[in-house]
Amino acid sequence: MGELLGYAGIVTGGSSGIGLDVANQLALAGATVYIISRTGKVKEGLPDSEPGTIHIKGDISNQAEMKKIIEELAEKHDGHLDFLVNNAGATYKARAEEVPEEAFDHVLDTNVKYAFMMSQAAYPYLKKSPHKGRIINISSMSAHLGFSLVVPYCISKSAVLGLTRGLAIEWANDNICVNSIAPGWFHSKMLDEVMDEKRRGQILNRIPVHDFGDTKDLGALAAFLIGPHGSYINGQDYAVDGGALAYGY
């Protein structure tokens, strides 16, 4: 507790689910967390986010708007920011041969292009962080395993690993570390959209611990990677998956 006192940064897509719990855990560790989402608030029916979180309405597809918001936030913290968590994501459920081009573009843009653009916009301020700037991209089991009905999502999350490793190498000497977290199966709105009872059983049988995860654990890992003990970790993808990737048969 308190290891992130004095830190300030951004979490995208944090109005619910993984993004909100990551933001809450960072705030509980002492950070000031700016949550950028389309609604600019916690989704209806959810409890208020933790003190230290500040919700901002914004469209991550609008590069000019994001640059302005990020610059204004950095000005509040002596011209720097300490972290960016690229969490905003999208998926589309359909067989691959039936995916419309616009749906494919939306998934790839949201999960890859806009994460890259946000990283670009935050770069000048992260490199000035007195703690060493950190970027955390949210990847997925879909970056490592193939899944039916969500092929564009699998493609996009594989690309997130390329984004993570490429930026980690290129910005390693610019006072920035870049890593990613690959959530396994956690209760979330996105999971509910693609999961029926049959798929639920298939998923639970694929997880050695036979249970869904707690998104607070993802936030705790993010806090560690951003904090003082994560400054030598760079270019890595961390699976929080109950052992799913290690499971042979």
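Me: Which element gives the largest share of the lining of the largest cavity?
Reply: H3 does, with 5 residues. Helices (H or I, at least four residues) and strands (E, at least two) are DSSP runs, numbered from the N terminus. A cavity is a set of points on a 1 Å grid over the protein atoms alone where a 1.4 Å probe fits but cannot get out; lining residues have an atom within 4 Å of a point. This is a predicted model, in which local features need pLDDT of at least 70 and side-chain atom pairs count only at pLDDT 80 or more, while totals for chains, interfaces and linings use all residues. Residues are numbered from 1 along each chain as its sequence is written, and side-chain values use heavy atoms, with hydrogens and water left out.

Me: What else supplies at least two residues of that lining?
Reply: Strand S5 (133-138) and H4 do, along with H3.

Me: How many residues line the largest cavity, and which lie nearest its centre?
Reply: The lining has 14 residues. Nearest the centre are Asn86, Ala88, Thr110, Asn111 and Ala115.

Me: What volume does the largest cavity have?
Reply: About 70 Å³. Volume here is the space filled by probe spheres set on the grid points, which are joined across faces, edges and corners. A search of the whole structure turns up 1 cavity of 30 Å³ or more.

Me: How do the lining residues of the largest cavity divide?
Reply: Into 7 nonpolar, 6 polar and 1 charged. Nonpolar means Ala, Val, Leu, Ile, Met, Phe, Trp, Tyr, Cys and Pro; charged means Asp, Glu, Lys and Arg; the others, Gly among them, are polar.

Me: On to helices. At what angle do H3 and H4 cross?
Reply: Roughly 15°, for H3 (residues 101-126) and H4 (residues 151-170), with the axes coming within 8 Å. So H3 is roughly parallel to H4. Angles under 35 degrees count as roughly parallel, over 145 as roughly antiparallel, 65 to 115 as roughly perpendicular and the rest as oblique. Axes are lines fitted to C-alpha atoms, for helices over the stretch in contact, and angles run from 0 to 180 degrees between N-to-C directions.

Me: Is the crossing of H3 and H4 left-handed or right-handed?
Reply: Right-handed. That label applies if the near helix is turned clockwise from the far one by less than a right angle; anticlockwise is left-handed.

Me: Which residues meet there?
Reply: H3 brings residues including Phe104, Asn111, Ala115 and Ser119, and H4 brings others, among them Tyr153, Lys157, Val160 and Leu167. Contact means heavy atoms within 4.5 Å. By class, the contact of H3 with H4 has 13 nonpolar, 3 polar and 1 charged residues.

Me: How about H2 and H3, what angle?
Reply: Roughly 30°, with the axes of H2 (residues 63-75) and H3 coming within 10 Å. H2 and H3 are therefore roughly parallel. Their crossing is right-handed. Met66, Ile70 and Ala74 are among the H2 residues in the contact, and Met117, Ala121 and Tyr125 among those of H3.

Me: Now H1 and H7. How do they pack?
Reply: At an angle of about 50°, axes 8 Å apart. That makes H1 oblique to H7. This crossing is right-handed.

Me: Where does the second largest pocket get the largest share of its lining?
Reply: From H1, with 4 residues. H1 (17-28) and H7 (215-226) each supply at least two. A pocket is an open set of points with protein on both sides within 12 Å along at least five of seven lines.

Me: What's the volume of the second largest pocket?
Reply: About 300 Å³. It has 15 lining residues, and Gly17, Leu20, Asp21, Leu46 and Pro47 are the closest to its centre. The lining has 3 nonpolar, 6 polar and 6 charged residues.
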